[in-house]
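Work through these exercises with the model open. Try each task before you read its solution.

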Amino acid sequence: MQTHSSSVVAVKATVSLGELLDRDYRNVENYERDLERNAGALRRANPSHASLHKAMQDLVDHVLGATDSVEDAKARTREEIDRIVEEIETGKSRAADHAADTFEDGETFLTHDYSSTVLQAIESAAAAGNHLTAYVTEARPRYLGRKTVRRLAEIDRVDPHLLVDSAAGYVLERCDRVVVGMDCIVEDTLYNRVGTFPLAAAANVVGVPVTVVGSRSKIIEDDFVFENEQREPAEVIREPVEGVTIENPAYDATPMHLVDSVVTDQGHHDH
């Protein structure tokens with residue numbers, strides 16, 4: 001959960017529930033209770049991961065009360081695990097394909113943090129013959145932007161540049177747009193790695209459009225309530241300072257009016 005995208009976490013959590021299929025249960029009620037308990041524990045492990053929440057809820061909703069025997073309930077669970085994993089992975093891939101089509105030869109863009117979907121889109125766009133210049137912020141305090149730039153350095157036709165988060169405004173006027181992933185979109189708010197909000201706000205001032213990329217499953221329309229994750233203070237400063245409270249939120253909230261377009265597995269949508 002600290003180093004992987006939310007969709008990867010959702011897949012791993014969904015697959016892990018397959019371990020219940022190797023356990024023995026006296027009746028279907030006991031099996032369903034165990035499934036619901038484990039799915040709930042995984043969902044609560046990170047309340048900020050909307051895709052994790054949605055995957056766990058989706059699986060439970062499609063298994064509970066659907067069968068009358070343990071054997072049938074397990075078979076249904078296996079089917080739902082496979083379906084959900086395929087939907088998440090297919091959604092990512094399709095979103096990346098649609099996003100790849102939005103890149104133009106010679107484009108310069110700025111990206112933040114680490115999004116496997118954005119990376120796949122860049123790789124596909126470059127493979128199609130587009131030469132791209134990428135500015136990548138470090139995404140402090142965990143520096144996942146460094147992970148991104150290492151990946152970009154391996155892609156032909158991509159010229160990557162690494163910069164500290166606070167230098168984003170310095171290079172924005174060189175950029176055609178900002179391209180970021182998403183943890184989730186809930187109503188009129190984009191939740192993404194901390195640093196996204198000031199980046200989008202600065203881009204709005206300079207007049208640089210912001211594109212958000214991710215699978216449609218990350219756009220939440222149910223009763224999900226986003227809960228930010230407070231990470232270890234040691235990520236900000238190794239030695240504690242007496243009398244100082246260390247704030248280390250994992251995500252920030254970007255108003256969607258700062259976003260110009262959203263690209264999902266269902267296509268490109270102007271906002």
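**Exercise 1.** Are R193 and D113 buried or exposed? Find what links their side chains, and say which parts of the fold the pair connects.

*Solution.* Keep in mind that this is a predicted model.
Step 1. Check burial. R193 is buried, and D113 is buried too. The cut-off for buried is under 20% relative accessible area.
Step 2. Look at the side chains. R193 and D113 form a salt bridge, with N to O at 3.4 Å. That passes the 4 Å limit for a salt bridge.
Step 3. Place each partner. R193 belongs to strand β6, residues 189-193. D113 sits in the loop between β1 (108-111) and α5 (116-127). The pair therefore ties together parts that are 80 residues apart in sequence.

**Exercise 2.** How many salt bridges are there by this rule? Compare the surroundings of two further pairs, R140 with E138 and E235 with R231.

*Solution.*
Step 1. Take the total. The count is 14 salt bridges.
Step 2. Take R140 and E138. Their closest N and O atoms are 2.8 Å apart. R140 has a relative accessible area of 39%, so R140 is partly exposed. E138 has 7% relative accessibility and therefore counts as buried.
Step 3. Take E235 and R231. This salt bridge has its closest N and O atoms 3.2 Å apart. Both E235 and R231 are buried.
Step 4. Look for shared partners. Salt bridges join D58, R76, E80, R83 and E87 into one network.

**Exercise 3.** Describe how helix α2 packs on helix α4. Which residues meet?

*Solution.* Two packed helices are described by the angle between their axes and the distance between the axes.
Step 1. Get the geometry. Helix α2 covers residues 28-45 and helix α4 covers residues 70-100. Their axes come within 8 Å and cross at roughly 30 degrees.
Step 2. Classify the angle. Angles under 35 degrees count as roughly parallel. So α2 and α4 are roughly parallel to each other.
Step 3. Read the handedness. The crossing of α2 past α4 is right-handed.
Step 4. List the contact. From α2 come V28, Y31 and L35. They meet V70, A73, K74 and T77 of α4.
Step 5. Sort by class. The contact of α2 with α4 has five nonpolar residues, one polar and one charged.

**Exercise 4.** Repeat the analysis for helix α1 and α4. Is the crossing left-handed or right-handed?

*Solution.*
Step 1. Get the geometry. Helix α1 covers residues 6-16. The axes of α1 and α4 come within 9 Å and cross at roughly 165 degrees.
Step 2. Classify the angle. Over 145 degrees counts as roughly antiparallel. α1 and α4 are therefore roughly antiparallel to each other.
Step 3. Read the handedness. α1 and α4 cross in a left-handed way.
Step 4. List the contact. On α1, the residues are S7, V8, A10, V11, T14 and V15. On α4, they are I81, I84, V85, I88, E89 and K92.
Step 5. Sort by class. The contact of α1 with α4 divides into eight nonpolar, two polar and two charged residues.

**Exercise 5.** Where does A13 lie? Which residues does A13 contact, leaving aside its neighbours within four places in sequence?

*Solution.*
Step 1. Locate A13. A13 is in helix α1.
Step 2. Check burial. At 7% relative accessibility, A13 is buried.
Step 3. Find the contacts. With those neighbours left aside, A13 is in contact with L42, L52 and M56.
Step 4. Take one contact further. A13 and M56 are 43 residues apart along the chain. Their C-alpha atoms are separated by 8.0 Å.

**Exercise 6.** Inspect the backbone at R140 to P141, A139 and R157. What is the peptide bond from R140 to P141, cis or trans?

*Solution.*
Step 1. Check omega. The bond from R140 to P141 is cis, with omega near 10 degrees. P141 is in the loop between β2 (132-137) and α6 (144-153).
Step 2. Check phi at A139. A139 is not a glycine, yet its phi is positive, about 60 degrees. A139 is found in the loop between β2 and α6. A139 is buried, with a relative accessible area of 2%.
Step 3. Check phi at R157. R157 has a positive phi near 75 degrees and is a residue other than glycine. R157 is in the loop between α6 and β3 (158-163). At 39% relative accessibility, R157 is partly exposed.

Notes:
Residues are numbered from 1 along each chain as its sequence is written. This is a predicted model: local features need pLDDT of at least 70, side-chain atom pairs count only at pLDDT 80 or more; totals for chains, interfaces and linings use all residues. Side-chain values use heavy atoms; hydrogens and water are left out. Helices (H or I, at least four residues) and strands (E, at least two) are DSSP runs, numbered from the N terminus. Buried means under 20% relative accessible area, exposed over 50%, partly exposed in between (1.4 Å probe, protein chains only). Axes are lines fitted to C-alpha atoms, for helices over the stretch in contact, and angles run from 0 to 180 degrees between N-to-C directions. Angles under 35 degrees count as roughly parallel, over 145 as roughly antiparallel, 65 to 115 as roughly perpendicular and the rest as oblique. A crossing is left-handed if the near helix is turned anticlockwise from the far one by less than a right angle, and right-handed if clockwise. Contact means heavy atoms within 4.5 Å. Ala, Val, Leu, Ile, Met, Phe, Trp, Tyr, Cys and Pro count as nonpolar, Asp, Glu, Lys and Arg as charged, and the others, Gly among them, as polar.
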